[in-house]
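Open the model in a viewer and keep the selection panel at hand.

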Amino acid sequence: MPQRLLIFILSLGLLLNACGKPQQAPSPEGPLAVTQDFFADHALVVVKVTSNDPRTLQELAISFEPIEFQAEAGYLLLDLSYEDFSALSQRKAELGIALEIIEESTLAQSALFQDESLLTSLLSSQSISGYSCYRSVEETYQSARQMVTSYPQLAAWQDVGDSWRKRAGQGGYDLFVLKLTNRAITGNKPKVFITSAIHAREYTTAELMTRFAEYLLSQYGKDADVTWMLDSQEVHLMLQANPDGRKQAEKGIYWRKNDNRNYCASSFKGADLNRNFDFLWNQGGSSANTCSEIYRGPSPASEPETQAVQNYLRSIFPDKRNDDQTSAAPSNYRGLYLDIHSSGELVLWPWGHTQNLAPNASALQRLGRKFAYFNGYHPEQSVGLYPTSGTTDDFAYGRLGVPAFTFELGTAFFESCVSFERNIIPSNTDALLYALRVARAPYRLPAGPDSLNLTLSSINNNRITLSARLDDSRYNNSNGQEVSQNIRLARYYLDIAPWQRGNTPLMMQASDGSFNAKSENVMASIDLSRLSQGRHTVYVRGQDSAGNWDSVSAIFLEVD
């Protein structure tokens, strides 16, 4: 049997088998008595946490970023340091949870972490054994280069920094951003920046964003919405934000941090990049222990990967918010930042270090509930049950005022390909498209109705009927109720978008004769005799009774 396959069976197959064992709390006299000496040998312990309260499991998922999260089955799997295990053990009764050490998985992961010769021998691997749907670092980079070759007018591949190993002269990788926009159309365009795989072991994240890029490029010129998005906006994707660490995780170990060899005397090297950002660094939810999963690094932004993300954010987004915790960003801020993680099925927004609300809390919550409508995840402020600090979204919002969100995809770090293909891709592609849809004014546009189901039909006497649906109520209200209003009016525009100079708004009517509901079917009759032959773009948007406009949807109209 190949060595790599044996490793995966040991570290993953035994873990899955262990999940079916009876639930019981660990005993100090049990087979794995968890002492500080034990952690000196094993660095981490794999623990199954069970609870009858889904809310408790969700909060723990926010705090610890579990190996696997199965809300319906009532458990999650965590890999915990000694300090985290001790703290959680002391709160078992308070939280109403049971803890069970997964012995086989703990020993298997420890063996992999400690076998430096095995890890080094596998560094040159170009694929991920057992997970054919996920591209390795090299395969991801090759796919990005191929997109630039295939779509030179729409895609560019930019070197924006180095990994720790690259900077230390130990191999490593450049950090790249894939930039998508129609370069033939110039101007100061709204920007969406998305990072993925900053935590190395989260397989789904880089692959989702690589496929999203491929989708946008393949649909340009075919889908009217994708076309106007790339014509009038820029999409910036850092597909592999932690390539050194990701290369370690591709061996089948739950490697979270970067691969900085200066930290931790054992094999559990590195710093947690998502605790290393320099906005309110070391304000809780991180560790000074170099072997901890959440080791924050010796100083703010000490890691080259962190520096690359921070520098890029500053290069494309204006700073329009004071660095205190009370000043709001302007409501007309243009641009949006997303950091894609797994797992936990969550949509999160600042703050992560405090229960206090961010100055733009209402607008952040509204957009978070809108994202969660599409992917079906739980929307919540990042702080959860325990605080975090030095994170990507707190930096982007705190330093610059950028609306910033974290998606936690799926239920496992090593998500099955079946689940990834069937569930994660379709639901999150819709959420990502919505991010592009509102990037022009993300603090405002989610308050307006959505324009849906655009169709063109019934050609009679050189006229065509434009139909659509406006809906003001599409929020995920699983965590509070978002306010929605009746539809007030609808407009359409021919060829010139609503945000462009020279546009002409044209009336649409309610199909039932009056605007008096939160969801309305609308229609208009377009005179084709006034249009030149060829392709035209029809834009539709609506306004609710509170005066909120939506983000615009579009459809192509071919006149022949």
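How do the residues of the lining of the largest pocket divide into nonpolar, polar and charged? They divide into 11 nonpolar, four polar and six charged. Here Ala, Val, Leu, Ile, Met, Phe, Trp, Tyr, Cys and Pro count as nonpolar, Asp, Glu, Lys and Arg as charged, and the others, Gly among them, as polar.

Before going on, note that this is a predicted model, in which local features need pLDDT of at least 70 and side-chain atom pairs count only at pLDDT 80 or more, while totals for chains, interfaces and linings use all residues. Residues are numbered from 1 along each chain as its sequence is written, and side-chain values use heavy atoms, with hydrogens and water left out.

**Stop 1: the largest pocket**

Select Asp225, Arg437, Ser451, Leu452 and Ser553; of the 21 lining residues, these lie nearest the centre of the largest pocket. The space in this pocket is about 410 Å³. A pocket is an open set of points on a 1 Å grid over the protein atoms alone, where a 1.4 Å probe fits, with protein on both sides within 12 Å along at least five of seven lines; lining residues have an atom within 4 Å of a point. Points are joined across faces, edges and corners, and the volume is the space filled by probe spheres set on them.

Next, colour helix H11 (224-232), helix H16 (417-438), strand E13 (450-460) and strand E19 (553-559), each of which supplies at least two lining residues. Strand E13 gives the most, with five. Helices (H or I, at least four residues) and strands (E, at least two) are DSSP runs, numbered from the N terminus.

**Stop 2: a four-strand sheet**

Move to the open sheet with the order E2-E3-E1-E4, where the pairing is antiparallel. Strands E2 (68-70) and E4 (98-101) are at the edges with a single partner strand each, so one side of each has no neighbour in the sheet. Two strands pair if DSSP finds at least two bridges between them. Within this sheet, E1 (residues 45-50) and E3 (residues 75-80) are joined by six bridges. Select Val46 to find Asp79 of E3 opposite.

Then show helix H4 (residues 82-90), which packs on the sheet and touches E1, E3 and E4, with its direction at about 135° to that of E3. Contact means heavy atoms within 4.5 Å. Axes are lines fitted to C-alpha atoms, for helices over the stretch in contact, and angles run from 0 to 180 degrees between N-to-C directions.

**Stop 3: strand E6**

Select residues 174-180, strand E6, where six of seven residues are buried. Buried means under 20% relative accessible area, exposed over 50%, and partly exposed in between (1.4 Å probe, protein chains only). Strand E5 (residues 155-162) pairs antiparallel with E6 over seven bridges, and Trp157 has Leu178 in E6 as its bridge partner. Three bridges join E6 to strand E8 (residues 234-238), also antiparallel; there Leu180 stands opposite Val235.

**Stop 4: backbone details**

Most residues other than glycine have a negative phi, and most peptide bonds are trans. Look at the bond from Ser342 to Ser343, which is cis with omega near 5°. The bond from Pro350 to Trp351 is also cis, with omega near 5°.

Finish in the loop between helix H12 (243-249) and helix H13 (304-316), where Leu280 lies. Phi of Leu280 is near 50°, and this residue is partly exposed at 24% relative accessibility. Ala301 is found in the loop between H12 and H13; its phi is near 55°, and Ala301 is buried at 13%.
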